[in-house]
Amino acid sequence: PPRILTLEEPVLHMDHCIAFAVHGNPAPTLHWLHNGQVLRETEIIRMEFYQQGEVSEGCLLFNKPTHYNNGNYTIVATNQLGSANQTIKGHFLEKPFPAVSGLFSFQMQYTHEFLCVDSKAFSFQVSIAVGLAAFACVLLVVLFIMINKYGRRSKFGMKG
């Protein structure tokens, strides 16, 4: 009957890999369960293995897994003489938005107050910048008018 020799926690190589080795003669058929449900292979999750004598070695590969892929993974090996299974916990990513708890809601409130203060400071800085730009424009217009008004007269009666 089949025997599961090794089943390792997920490791990141090119893809995440749950490595396994199964012994059996005749060669067992392999399939996986995720949290007790049959795991179907997709573009994201696939199994690759090779048979060397009575031992099948390989990986259950994950291409960019998310928190949805966290859970218990069970390998099931079956042949005419029996079956064997073994389970391992796979943890890839944390949930992006954990449930709201007291500390989390405090952090959100604090962050909101901080952002409000920053937005007030930002609007003040913008108004200062607009004021300075307006002052510079007025100054340039006044200089242009003065140059046009007084710059046309030749000094000391000389012609240019």
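Colleague: Which cysteine does the disulfide join to Cys17?
Modeller: This is a predicted model, in which local features need pLDDT of at least 70 and side-chain atom pairs count only at pLDDT 80 or more, while totals for chains, interfaces and linings use all residues. Residues are numbered from 1 along each chain as its sequence is written, and side-chain values use heavy atoms, with hydrogens and water left out. A disulfide is taken as a pair of cysteine sulfur atoms within 2.5 Å. At an S to S distance of 1.8 Å, the partner of Cys17 is Cys59.

Colleague: How many residues apart are Cys17 and Cys59?
Modeller: Strands are DSSP runs of E with at least two residues, helices are runs of H or I with at least four, and both are numbered from the N terminus. Cys17 belongs to strand 3 (residues 16-23) and Cys59 to strand 7. The disulfide therefore links distant parts of the chain, and the separation of Cys17 and Cys59 is 42 residues.

Colleague: What is the handedness of the disulfide of Cys17 and Cys59?
Modeller: The torsion about the S-S bond is about -65°. Because of that torsion, the disulfide is left-handed.

Colleague: Are Cys17 and Cys59 buried or exposed?
Modeller: Buried stands for under 20% relative accessible area, exposed for over 50%, and partly exposed for values in between, using a 1.4 Å probe and protein chains only. On that scale, both Cys17 and Cys59 are buried.

Colleague: Is Ile88 buried or exposed?
Modeller: Ile88 sits in strand 9 (residues 82-90). Its relative accessibility is 12%, so Ile88 counts as buried.

Colleague: Which residues is Ile88 in contact with, leaving aside its neighbours within four places in sequence?
Modeller: Contact requires heavy atoms within 4.5 Å. With neighbours within four places left out, the partners of Ile88 are Leu7, Glu8, Glu9, Ile18, Gly71, Asn72 and Tyr73.

Colleague: What distance separates the C-alpha atoms of Ile88 and His34?
Modeller: Along the chain, Ile88 and His34 are 54 residues apart. Between their C-alpha atoms, the separation is 9.9 Å.

Colleague: Which residues does Asn69 touch, not counting those up to four places away in sequence?
Modeller: Asn69 is found in the loop between strand 7 (55-62) and strand 8 (71-79). Its relative accessible area is 13%, so Asn69 is buried. Beyond four places in sequence, Asn69 touches His34, Ile45, Gly90 and Phe92.

Colleague: Is Phe135 buried or exposed?
Modeller: Phe135 is part of helix 1 (residues 102-150). At 57% relative accessibility, Phe135 counts as exposed.
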